[in-house]
Amino acid sequence: MRLSATDTLHLKEALQNAVVKCSERCLYQSAKWAAELLDSVPDPVLSDLDQKEAVAGLQGYQHPAVSANPDPVEAELEAKELSKYLLAKSFFDCKEFDRCASVFLPDSLLSGLLSTKATDATTPKGKAKASSAPPYEQALPSLSQKSLFLALYAKVISGEKKKNEESEMIMGPQDLGTIKNSHLVVVSRFLERWFAERKAEDSDLPPSQGFLEYLYGMVMVKEKNEDAALDYLLNSVHLFPWNWGAWLELTNLISGVEQLNKITPVLPQNIMSFIFYANTAVNLYQQGQDLAASVNDLLKLFPTSSFILTCRALLNYHSKDLYTAEQNFSNLLALHPHRLDSLDHYSNILYVLNMRPKLAFLAHLCSSIDKFRPESCVVIGNYYSLLSLHEKAVQYFRRALTLDRSCLSAWTLMGHEYVELKNTHAAIESYRRAVDVNRRDYRAWYGLGQTYEVLEMNSYALYYYKKAAGLRPWDGKMWQAVGSCLQKMGKDRDGIKALKRALLADSYYDSTLSSFGSAGPADRMAQMDPEVLLQIASMYDRLGEVEEARAYMELCVAQEDGGATDNADASAVCTSNPGESFVVHGDSPGSDGDAEGGYEGRGGAGQGEGTGVTVATSKARMWLARYAMRTEDYVTANRLATELCQDGVEVEEAKALIREVRSRMELADLTER
Amino acid sequence: MARYLTPAKIGLLALIELYVEETVPNDAIIPVLSFLTSHILDSDLQSTMTTTPGAANRWQRAERSIGLVVSIKDFEDLLLPFPAVDRLPGRRLWDRFLEKLWGIDSLDALQTFFSRQPRVLTRTREELRQMTELGEELPSGILLARNSPLGAFVRKAVLEFTRLQFHHSAELWKAFVKYRQPTVSYWRRRNPQCGRLSFDSVLMESQHEWGSFTDGIAVTAYGGLLMDEEDGALPVSTDDIESLLEFQIDQIQKYGARVPAEIKAKFHAMLRDSHVVPSLSHYLNFSDAWRSGDYPSAFDYLHRYFDYTMQNRDRLFYHYALMNLAIVQSDFGCHKEAMATMLETISTARENKDNTCLNFCLNWFYHFGRAHPDLVQDLEANSMIGSGKEALAFLRAKAKETGMLVLRSSALLSEAKLNMANGESIAGAMEHLVRSSHIIVERNMKSLIGSQLSVTTSLWDRLGISYLSTMTSEVFLRVHAPSACFDDELKMVCRLAGTFAGKGKYNEAFAKLEDGIDKNLLRAAKPNQYWHLYRGLVKLRRDLHHNDLDTAETLLAQLLQIGSEELDPDVVFIIDSLHIEALIRRKDFDAAYEKIERLIAKFRDDHRDLSLRIRLLLAKAHLFDCMGRPERGFSITMRAASLAWRARLLTLLWQAVGALANILNAMGEFTAAVQLVEAVLPRSMESENAFNTGILYSILADARMGQAGKAAKARQAMTTTGETTGAAASLMSNKKIDLFTKAHEALECAFNHFSAAEDLEKQCETLAKRATLMKVLGDHARAEEYAARYMALKRQSSSGEHSSVWSTDTGTP
């Protein structure tokens with residue numbers, strides 16, 4: 001995908017316009033986003049242009065300090081209101097939101113409007129306020145859309161601010177998530193009427209510019225009226241596609257791939273929807289060649305765009321390619337050393353990779369840039385968490401949340417820290433808040449499940465694990481959790497299914513690194529998790545399917561040396577169970593793409609190909625030894641028990657076993673004689 | 001500004017680690033340990049071991065702790081001379097130390113460094129149990145006990161690090177990088193692989209990944225640190241600043257010295273960039289302004305200090321503020337205000353039941369009352385404190401009750417002084433002195449030695465045993481001066497100078513005043529004033545003796561201008577008496593008489609020290625003598641003598657006896673006069689006052705002459721009666737010649753003493769007498785010689801060449 005020079009010029013112009021329009025309406029983040037994107041568009045190669053076009057492109061273009069409105073009616077209104085608009089804008093910039101709103105929409109006017117609408121005109125309040133107005137309905141003030149947007153937006157923001165202030169301390173007595181933005185009602189009623197007027201008599205009123213739709217959509221999202229919000233937001237992006245805020249709201253509304261695919265056809269066909277698609281897919285934890293290709297296409301257009309680079313890094317992260325993701329983020333950091341956005345994801349990656357020095361450096365960098373940004377606090381919190389200083393970590397996550405209550409990752413990570421601190425109630429609350437902020441956060445769901453599992457409330461846990469697994473169907477960790485939960489509930493059949501799914505999922509990814517933060521670092525590099533295998537085996541054992549159990553136990557033991565030597569054994573096992581032939585593929589050495597180091601032998605360092613001796617494999621070996629005893633295969637039993645003694649795990653029991661084996665063998669010898 | 005941790009402290013931790021790892025060679029162990037302790041503890045082992053403590057290196061500690069904070073150079077100086085214990089030859093201990101410091105190559109490594117610090121400590125029992133359970137190897141080698149100074153330091157450092165907020169630890173890391181940077185060239189020489197960005201391993205490693213962007217990131221993370229900004233903040237912690245402040249205030253309060261300008265400048269450089277200025281620094285400024293005599297700023301700073309400290313202490317400390325205020329006021333001569341303030345302090349302290357403060361205030365108030373009797377006069381009548389003596393007894397009892405030893409000993413000393421001033425039993429005074437000395441010695445209260453010894457010297461002085469008092473002063477200056485308050489030292493030096501001047505050794509006196517004192521200490525306003533005053537007094541005395549009355553009057557005019565408010569009453573008296581002497585020498589007897597009368601009346605009303613009153617009486621008798629009517633002073637002299645005898649003020653007694661003999665001479669009772677003077681002379685010589693002894697001798701000579709004259713009269717009477725027997729005549733003449741010779745001897749002694757005191761007038765007088773005597777004896781040649789010398793002296797005195805006088809005279813027999 002490559003744009004011609006002319007197209008590039010047009011794109012640049014559109015983006016420049018977008019920056020001006022967004023900042024005129026005080027949509028700072030959207031403006032920033034557009035400006036960043038604008039900066040990453042490479043300069044067009046002038047030789048590609050026609051001479052004439054070049055001259056036109058370069059000279060005919062001038063930067064609009066104030067965007068001109070093509071609509072004559074609106075333009076006239078805007079010109080008339082210019083001084084008032086400038087006043088309101090400066091109030092907004094000084095964070096005097098109520099004052100800004102009252103420049104165009106004084107409180108008396110608003111309440112008058114709304115009371116006539118909400119109740120009938122005979123109520124004393126409405127009468128007092130709107131006595132001069134026509135009894136049926138007071139007309140909406142005739143304002144340009146720009147000014148109207150600014151006023152209403154200020155109203156919403158002021159409400160948000162008040163809401164935050166009333167919630168007081170994070171997780172304090174007031175902070176229950178029940179406090180509502182009291183200005184939403186006013187704004188939504190106003191907008192309702194405004195849009196109603198448009199619809200009724202669209203003939204003489206100028207067409208909408210898209211921003212008010214965006215605002216209405218946003219308000220409706222806050223009121224949890226999501227379907228209507230979706231409509232308005234779609235309208236908005238059709239009318240003005242360059243407002244990234246609207247796209248982001250859309251992203252947040254979409255709960256799954258199906259919905260995304262459903263919505264795609266109705267989107268406007270332009271570069272923004274392309275970016276939107278990629279971003280949403282990444283946020284929905286999608287992966288695959290197509291998505292990667294489309295991100296790469298975007299990168300060709302905007303080679304240095306921090307946003308697209310972040311998308312690519314997140315894509316790698318979600319597909320568990322942590323090293324590449326780390327590289328991507330590192331490059332991003334080099335390109336934009338002062339940019340703090342999304343560095344919290346980077347810190348997650350560094351956390352999982354256990355790169356302490358680099359995480360420390362990142363935290364240092366963030367804190368020297370701005371220590372009062374939620375991202376910085378999250379990075380620092382992650383660093384402290386890695387140092388096992390959980391109290392300090394909690395402190396920083398709380399700080400992040402104080403700065404921005406909608407900071408999703410901070411809620412989740414704080415939940416993790418509370419789990420570490422054994423404060424399950426706080427942990428559950430944190431996770432719950434995280435889920436409330438964003439329903440797609442599988443880590444929070446998983447954390448919830450985990451916490452309930454700790455509290456031994458398995459059916460709750462199962463529900464949450466299933467949610468998590470639904471969000472990340474290709475993450476073995478989720479299925480394993482579901483499986484073990486089922487096992488605890490005594491549903492062995494379902495448990496086995498879930499665990500097998502986990503094995504399958506693990507083999508699906510190139511790397512088996514877990515992305516779940518609080519999981520221990522052990523067993524990350526396993527080809528097949530011996531724990532899972534042991535679990536499956538023991539469930540089979542409980543179900544009385546001894547052969548299956550034995551096969552899985554052997555597979556589990558085989559994991560000690562990476563399954564390479566015992567591969568034949570394992571495949572033999574698996575071929576005996578044709579239904580699970582995929583296990584073999586998962587286990588074959590060829591799939592261990594990122595295996596590091598060579599074969600280190602049994603009981604070696606453990607981080608090599610094999611897992612080395614773990615508790616799970618020892619248990620499996622013990623089971624096998626006993627099984628061999630039962631089946632009177634004393635030689636095998638003897639060998640396994642001796643191995644157990646060598647490994648130094650459960651020595652006493654193993655020795656007892658050896659003694660028993662010896663005596664049985666002697667007995668057998670005697671009887672033979 | 002950091003609370004506690006600084007890069008220098010990281011350096012100390014690294015050094016402790018080196019020591020614990022036994023990499024410090026044997027001969028370096030003591031220097032390293034004393035370096036550590038001198039920076040970790042307040043006490044200073046190094047200086048007490050190597051150098052004798054003195055005023056000069058009093059500030060060394062401050063300088064060293066500033067030096068350590070500011071640069072890594074101190075470590076280098078310490079460690080470079082020693083070889084490392086192991087491995088490569090030619091490596092120094094400094095290399096090992098740098099290895100440790102450069103081993104901390106990232107913020108994370110700093111975290112690790114701190115988290116591994118507890119390894120150098122002995123494990124607690126619990127930890128040991130856990131370790132054995134886990135089958136770990138028990139630690140061996142040098143381990144620091146948890147409560148040892150080093151162990152406590154390590155623990156405190158680790159605790160403080162855990163308490164740090166993240167950005168504070170990042171700040172610490174940056175400061176550390178900066179602190180370490182000066183060693184980079186040395187380190188690079190030893191480790192060629194060390195690159196430009198080696199101060200942070202993350203940057204180093206990511207260099208290949210980030211390429212040319214690395215610098216941008218480094219600058220973002222480290223800010224201006226990499227830009228070689230010179231005026232960056234020094235890495236000091238509040239802890240350092242506070243300990244430095246406390247040290248300085250301590251020095252000021254203990255020794256009364258001002259902070260040397262150099263250290264002050266360094267200290268200000270440290271404080272320059274910190275936003276947090278500990279309120280104590282206002283107190284420091286206050287102390288400094290106070291010492292330097294800057295009255296308005298002293299008040300300003302004092303108020304500021306108490307305003308800032310009010311927030312963390314409650315109103316209970318109000319009276320301390322008042323107390324400080326009162327002391328400052330009195331120091332600056334606002335005695336009335338000071339008294340009012342102090343009375344308020346006393347009542348507040350009483351209200352708040354703060355005994356310590358109350359006792360201190362009462363003690364101060366007592367001394368204040370002694371110094372300014374006129375101010376407290378109207379208070380005394382109806383106050384609860386009562387008269388001086390009762391107040392002291394009360395204080396002593398209180399001090400004993402509350403165990404305030406300092407107060408108790410100073411009350412005892414005051415009582416001894418009071419005893420002496422009232423002319424009461426010497427044994428009583430001695431008893432108080434001994435008791436106070438017992439307390440001081442037993443509790444090793446070095447700060448009180450000064451006042452103890454000064455009371456002792458004044459006791460010896462009063463008893464006329466001048467060599468004991470000189471010795472005591474010398475002992476103080478040689479042994480106790482470094483640990484004593486500077487005021488005491490200065491007073492002792494001045495006293496010694498006064499003794500020298502009394503002996504006529506003016507140059508020694510000046511030398512003592514010039515060289516015996518640290519110039520830095522004289523920067524404080526009060527001591528400086530005192531010092532100048534004393535120089536003036538010595539000079540004045542010399543000028544008077546030299547009969548250089550014009551110069552003397554110029555000086556006197558200056559000295560008299562200093563208001564009596566700001567001075568010690570004793571010094572005021574000295575000035576007054578010198579003034580009287582000058583007046584007498586000017587032959588302005590009326591003025592002198594008037595002045596004496598006024599002073600006598602005033603002192604009687606104020607119940608001043610007995611010795612001063614006796615001195616005045618003697619001065620009055622002297623005045624009568626000068627007017628040529630010595631017999632008018634008879635009753636005064638008798639009173640003086642009996643008072644001096646009763647109070648055992650022996651020096652004064654000898655003077656009084658001399659005056660009495662003089663009167664007897666005038667009345668023609670020569671034999672009695674001779675007996676008196678001969679009895680007194682040897683004791684007077686003990687008191688080492690040349691001028692007084694000279695006067696006694698000259699009185700003796702007069703009496704002898706009188707005796708001779710009487711003998712001559714008797715012969716005349718005999719000759720007139722006609723009994724001219726040659727034998728008797730010759731006997732008489734023999735007796736006369738004998739008396740003349742004795743008179744001459746006495747005159748010679750008197751002359752010697754006068755020339756020792758460099759008193760020109762008296763020298764001339766004696767020479768004239770000697771010349772007359774010789775003439776009478778018929779030895780014209782010698783008479784001529786004396787006359788010639790007399791003329792020479794007269795000329796000198798008029799031309800004012802004093803210096804040559806005594807150098808020519810020393811040769812005379």
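By contact we mean heavy atoms within 4.5 Å. On that basis, 28 residues of chain B are in contact with 29 residues of chain A. Please note that this is a predicted model, in which local features need pLDDT of at least 70 and side-chain atom pairs count only at pLDDT 80 or more, while totals for chains, interfaces and linings use all residues. Residues are numbered from 1 along each chain as its sequence is written, chains are lettered from A and ligands numbered from 1 in the order in which they are written, and side-chain values use heavy atoms, with hydrogens and water left out.

The area buried between the two chains, that is, the accessible area (1.4 Å probe) lost on being put together, summed over both, is about 2300 Å², with 61% from carbon and sulfur atoms. In chain B, the residues losing the most area to chain A are B:Asp108, B:Phe166 and B:Thr220, which together give 28% of what that side buries.

Which helix of chain B gives the most to the side that touches chain A? With helices taken as DSSP runs (H or I, at least four residues), numbered from the N terminus, the answer is helix 10, with six residues.

Finally, chain A itself has 34 helices and zero strands, a strand being a DSSP run of E, at least two residues.
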